[in-house]
Amino acid sequence: MGNFAFIRNNNMKMGQVNNSGKHNERENKNYANESIDKTKSQENYHFKEPQGSYEQTFWKIKEDNKYLGNLRLQGRKQSNVACEFIIDVNKEYFDKIGPDRTKQYFKDSYDFCTKKCEEKNIISATVHMDEGHPHMHVVYVPVVKAKDRKGQDCERINCSKFWAGKDSYSQLQNDFYQHTQERGYKDLQRGEFKEDTQREHLTVDEYKAKLIKQQSAELEKLEKIKTEIEPPEKKLHLPKDIEELKTLTKSANLQKWQMEQENKRLKSDISRLERKTIDLQETVKNVKLVVGENKDLKNERKALENYLENNPQAKEHMEGYFNTMERLKKERVGLYKYKKEYLTNDVNIGNSQKIENQFKNEIGRQDYAIKDLEHRKVDIHEFEVNLSIQKHNRDSLGGVKNLFKVSERKGVDNSILEYENKLKKANTSLKETYNIEPTEIDHNISFRKNKLSELKDKLQDQERKTIEHTKLKDKASINYKYLNVKSQCYKDFEREYVHADAKKLKSDGIRELSLDKINDKEKAVIFKQLPEEFKDAAKDILEPQRIVKSITKSHDFMEI
């Protein structure tokens, strides 16, 4: 029998994800699979451990990476949210290569999985050493590159697109086999898949059930042969054979239980298909209704076309209506444009003012440092002059043999000690605060004055930018308000159209609130710029009795 490098993939819904986690992490108390030896479960190991339950880890991966995905987690048509690689060879092969090489094989296999689905998307990777033979489970989130509703690049959870392509599983087997060859496992053969062998592809549980069924058939055949060759009164006592028969009987009972579970699953599938049939019948019914509605719309359209042909005046009114709608659409585009300019410049003003404050703070620090250094310079110079004077006085007093000047000399010595201490303290403080020596004070002051001058120039430039953004913001604001007032000056159906569109423009943002308010000066500017045919319609909107007063006083109009 050859040694085949197998990798299989299972897709899972959210309920199956947690079930897989309980099985893979050995959280269940009892297992239907009798090949699990709980005493060896401590030999299992991870290449990546989950952070909590599998479901909790799934949501953490989705939130941390900001993955999109229209996932249906309830109902009959749930989305596949995760997948699972199962990687194995056979017990004989792993016994042959030994435990160290076995662990390296699974490590190399895990590297393959990280290339296939990215390590950040892996929920758990665990190797089971407590079953019939070692194998690895790698549970991961299937993520694909996509576009969001705005056409921007994004990453989305989508199992069907992750495994798009008729031969995607076959290509998975080919890639995995190539990977094992590159890692030096030359004695492994490529795992066979159903397209090549025409055999049914079985899951692990289905394979075990099939194996038990074969063993049961062999047991029945053995019982028949035993009955034919051994009379009842002369049965041989074969303890070894009896133990094997007991084992096979036990396996047959397990196979019977699994078949009963399979029957339950099939009944569930039948029920699900019946419900799906009902849904399809309902869909067909809805399609028929849509077809009927489509015919009615076609008839109404034909009747309307006939009416317009026989009534030229109505056709003219209809064309006027559509022309008005086109104008409103253009003005709606203008509303969006000016609103965007307003918000953009408002943000720019805030950012510019932050930079101004940074410059002002730095200017204040430099100005303080210059004044402080100048003050320290004066103090140090004063200490040095006084110290020099006291030393000169001490020299003029002569030696200690002059008994009349002992007291005076003692006072001079104390003054010298005092000024030396003051000078030392001043120099130490200068070193700790500015990390310079007294001889470097003038150079440091000159450097800081140059830097202060540069900061003031930068502050002036930034203030000019703030003023420029403020002008652009004010211009966008008046343009928006002008266009909004003009739009409201149409007929009733036109105003309703604009009002519906205006709802889309409004939001809870504090920045936009000022766009809904028009002060007296802005009303005067808007009223002056409106075409004559709109001024009567604007009276109720702009309160003309207040506008007239504003126009007579205001001569500084903003250009629109």
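Q: What is a salt bridge here, and how many are there by this rule?
A: A salt bridge is a side-chain nitrogen of Lys or Arg within 4 Å of a carboxyl oxygen of Asp or Glu. This is a predicted model, where local features need pLDDT of at least 70, side-chain atom pairs count only at pLDDT 80 or more, and totals for chains, interfaces and linings use all residues. Residues are numbered from 1 along each chain as its sequence is written, and side-chain values use heavy atoms, with hydrogens and water left out. By this rule, the count of salt bridges comes to 24.

Q: Which residue forms a salt bridge with Arg-183?
A: Let's start with the general idea: side chains of opposite charge can pair when their charged atoms come close. For Arg-183, the closest N and O atoms of the pair are 2.9 Å apart. The partner lies in helix H3 and Arg-183 in the loop between H5 and strand S8 (189-190), so the pair ties together parts that are 75 residues apart in sequence; helices (H or I, at least four residues) and strands (E, at least two) are DSSP runs, numbered from the N terminus. The partner is Asp-108.

Q: Is Asp-108 buried or exposed?
A: Buried means under 20% relative accessible area, exposed over 50%, and partly exposed in between, with a 1.4 Å probe and protein chains only. Arg-183 has a relative accessible area of 32%, so it is partly exposed. Asp-108 has a relative accessible area of 6%, so it is buried.

Q: Which residues are linked with Asp-108 and Arg-183 in a network of salt bridges?
A: The pair of Arg-183 and Asp-108 belongs to a network of salt bridges. Besides these two, the network links Lys-107 and Asp-111.

Q: What is the crossing angle of the axes of H3 and H5?
A: Axes are lines fitted to C-alpha atoms, for helices over the stretch in contact, and angles run from 0 to 180 degrees between N-to-C directions. The axes of H3 (residues 91-117) and H5 (residues 168-182) come within 10 Å. H3 is oblique to H5, since angles under 35 degrees count as roughly parallel, over 145 as roughly antiparallel, 65 to 115 as roughly perpendicular and the rest as oblique. The crossing angle is roughly 135°.

Q: Which residues in H5 meet H3?
A: Contact means heavy atoms within 4.5 Å. On the H3 side, the residues are Tyr-105, Asp-108, Ser-109, Phe-112, Lys-115 and Lys-116. In H5 they meet Leu-172, Asp-175, Phe-176, His-179 and Thr-180.

Q: Is Tyr-105 buried or exposed?
A: Tyr-105 lies in helix H3. Leaving aside neighbours within four places in sequence, Tyr-105 is in contact with residues including Ala-5, Ile-87, Phe-94, Phe-176 and Leu-188. At 1% relative accessibility, Tyr-105 counts as buried.

Q: Which residue forms a salt bridge with Lys-422?
A: Here the closest N and O atoms are 3.3 Å apart.

Q: What is the packing angle of H11 and H13?
A: Helix H11 (residues 441-487) and helix H13 (residues 520-529) have their axes 10 Å apart. H11 is oblique to H13. They pack at an angle of about 55°.
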